[in-house]
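Subject: Structure for your review

Dear colleague,

Please find the structure below, together with its sequence. My notes on its features follow directly after it.

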Amino acid sequence: MGLVQFVAVSIAICSSAVAQPLNNSSGHLYVVREGETLRKIAQRFYEDELAFPTIIEGTNRLSKDGDGLLSIENEFDIRAGQKVWVPLQVTVRLETSGDTHTSVASATWTYQGKTNPSVWASLQPDYRLCASGTRQSPVIILPSTPPAAQVPAFDYHTSNLIISNNGRHIQISHDPGSSVKFDNVRYELAQLHFHVPSEHRIGQVQSSMEAHFVHLSQDRQLLVIAVLYDTGAEYIDTMAEIWNTLPPKGFVLHTNHQINVKRLFNFNAPMFHYVGSLTTPPCTEGVKWFVVSQKEQITRRQLSRLVELTGLNARPTQQVKNVFDVSD
Ligand SMILES: [Zn+2]
């Protein structure tokens, strides 16, 4: 994780926010005390000393507007009595990041190297289904597969955009209140995340990217909508809004943007349905999958940005063991 990357993210947040006058709800004006460092101030306000670049960026943005703040060159360019601006919006380190988590008990799993998908089941007893499961995902969807006769009814609403990068996936936490209804059961949209390249394939063809919209029912049943994206000239505005704010590995970014994830795909398109599993450990089965038949597009640039941040993160397709049971 480089500081340069971190600062770049802070700039990305603020370039889209209108410069606010001091003493309003967008942050705090703070006078540096004797012996205080920017890291200590970041710890005080954000409970994370590594969030200090947010203060540098916030101060420098306002100093340009002539609000009496001195610009800050680097974290050591600070002295007692100096005023700094502490924005409310901040990029903070994820506590659950695989990088910072050193506990031996939580075996890490990866997409490349010694802990790649072919050995997930051996990493931890809880992961055994990754090898022994009979309804594992992702799968190849044969062109002859009929679309689902019954598809979820969508009730999606806008959400604050909160994005994290846990080193494996870019994930968007969705605000409560958006859901789908299927078979008279309500499944709440919890989060969405992205895989490169696609995990599911429609007719042997692997797409450039796949988005998973993960829903949970009240009794913890999973329903996932999968959308495939090919690289192309067209792109979706909402995708661009998300891509403008992708955080570096190990960070979560709280933005003041609102997004409507319904714009990321055609929810009226036919869908393929089967019951499979999580495509990540512990590979839990009983997941209701709906793969949208209409593919969408992302730009080559958006795709390479994602690869830069998370690397390739698609589980290989699993042997079809009688998984296409459309009546299920
Ligand atoms: Zn996924």
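I begin with the pairing of strands S9 and S12, which are antiparallel and joined over eight bridges; two strands count as paired if DSSP finds at least two bridges between them. Helices (H or I, at least four residues) and strands (E, at least two) are DSSP runs, numbered from the N terminus. Within this pair, Phe 213 of S12 stands opposite Leu 192.

Please note that this is a predicted model, in which local features need pLDDT of at least 70 and side-chain atom pairs count only at pLDDT 80 or more, while totals for chains, interfaces and linings use all residues. Residues are numbered from 1 along each chain as its sequence is written.

Strand pairing

S12 also pairs with strand S13 (residues 222-231), again antiparallel and through eight bridges. In that pairing, His 212 faces Ala 226 of S13. The hairpin of S12 and S13 has four residues between the strands, and Arg 220 in this hairpin takes a positive phi near 65°.

A separate entry concerns an open sheet of three strands, with the order S4-S10-S11 and mixed pairing. Its edge strands, S4 (140-141) and S11 (205-206), each pair on one side only. Strand S10 (residues 201-202) runs antiparallel to S11 over two bridges, and Ile 202 has Val 205 in S11 as its bridge partner.

The chain as a whole

The protein chain holds seven helices and 17 strands. Of its 328 residues, 38% count as buried. A residue is buried if 20 or more other C-beta atoms lie within 10 Å of its own, exposed if 12 or fewer, and partly exposed in between, with C-beta atoms placed from the backbone. Among contacts with a separation of 6 or more, 70% are between residues 24 or more positions apart; a contact requires the C-beta atoms, placed from the backbone, to lie within 7 Å.

In helix H7 (residues 300-310), the buried residues are Gln 302, Leu 306 and Thr 310. Viewed down the axis of H7, these buried residues fall within an arc of 45°, so they line one face of the helix; the arc is that of the directions from the helix axis to the C-beta atoms. The face turned away from the buried side of H7 carries the exposed residues Arg 300, Arg 301, Ser 304 and Glu 308. Elements covering the buried residues of H7 include strand S9 (185-195), strand S12 (209-217) and helix H6 (237-243).

In helix H2 (residues 38-46), Leu 38, Ile 41, Ala 42 and Tyr 46 are buried. They cover an arc of only 100° around the axis, which puts them on the same side of H2.

Backbone points to check in the loops

The peptide bond from Val 196 to Pro 197 is cis, with omega near -15°, and Pro 197 sits in the loop between S9 and S10. A cis bond also links Pro 281 to Pro 282, with omega near 10°. Pro 282 belongs to the loop between strand S15 (271-277) and strand S16 (285-292).

Cys 283 is placed in the loop between S15 and S16 and has a positive phi near 55° although it is not glycine. Cys 283 is buried, with 26 other C-beta atoms within 10 Å. Asp 183, in the loop between strand S8 (179-182) and S9, likewise has a positive phi near 55°. Asp 183 counts as exposed, because it has 9 C-beta neighbours inside 10 Å.

Kind regards

Technical notes: Two residues are in contact if their C-beta atoms, placed from the backbone, lie within 7 Å.
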